[in-house]
Amino acid sequence: MDYLLLSTVAEEPSCDYCFSYDIGCAHSIYFERRTLSYDECLHLDFDRVNIRWAIPKKHLPGHGPKHSKFSLNFLSWVGRTYGEGIEVGWSHMNPVAMSTREMTAGARHEALDCHWNDWNHIKTINFGMYDVF
């Protein structure tokens, strides 16, 4: 997880980040120290990079009473973020794995891309289905 995160932000010399991660409270503890074990090109200047950690809302109850420090409800500049939206589609994509596992890489990419496009299309169509008044 550290490598993925560092690879994503390494090109930005100074910035503010808010990372939402299921175990963000535990993962954040030694993050700065762990970054030193990676190649120098992935090191961050923590004097110029501000990282805030959050826990997605569905995972908050399992973190005990001192979770508010990591709650998206109380962090500045995150709006009314839910933090779980990225995971919602996976339950609908799991059955596709059986039909794509023996495909070549290109065919698998095309098939998964098609399924994700359909998922996003249906989601977009349903935006107007609910009356908010």
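Student: How many disulfides does a search of the whole structure find?

Tutor: A disulfide is a pair of cysteine sulfur atoms within 2.5 Å. The search of the whole structure finds 0 disulfides. Cys 15, for instance, is in no disulfide, and the nearest cysteine sulfur, that of Cys 18, is 12 Å away. A word on the basis: this is a predicted model, in which local features need pLDDT of at least 70 and side-chain atom pairs count only at pLDDT 80 or more, while totals for chains, interfaces and linings use all residues. Residues are numbered from 1 along each chain as its sequence is written, and side-chain values use heavy atoms, with hydrogens and water left out.

Student: Is Cys 114 buried or exposed?

Tutor: Buried means under 20% relative accessible area, exposed over 50%, and partly exposed in between (1.4 Å probe, protein chains only). Cys 114 is exposed, with a relative accessible area of 53%, whereas Cys 15 is partly exposed at 29%.

Student: How many aromatic pairs does the count come to?

Tutor: A pair of aromatic rings is described by the distance of the centres and the angle of the planes. Rings of Phe, Tyr and Trp (its six-membered ring) pair if their centres lie within 6.5 Å; planes under 30 degrees apart count as stacked, over 60 as edge-to-face and the rest as tilted. The count here is 6 aromatic pairs. Among them, Tyr 17 and Phe 19 are stacked, at 5.6 Å centre to centre with 10° between the planes. Both Tyr 17 and Phe 19 are buried.

Student: Which parts of the chain does the pair of Trp 90 and Trp 116 link?

Tutor: Helices (H or I, at least four residues) and strands (E, at least two) are DSSP runs, numbered from the N terminus. Trp 90 and Trp 116 form an edge-to-face pair, 5.2 Å centre to centre with 80° between the planes. The pair links distant parts of the chain, with Trp 90 in helix α5 (residues 90–100) and Trp 116 in helix α6 (residues 105–125), 26 residues apart. Trp 90 is partly exposed at 48% relative accessibility, and Trp 116 is partly exposed at 23%.

Student: Where does Trp 77 lie?

Tutor: Most residues other than glycine have a negative phi. Trp 77, however, has a positive phi, near 70°. Trp 77 lies in the loop between β2 (49–54) and α4 (85–88) and is exposed, with a relative accessible area of 84%.
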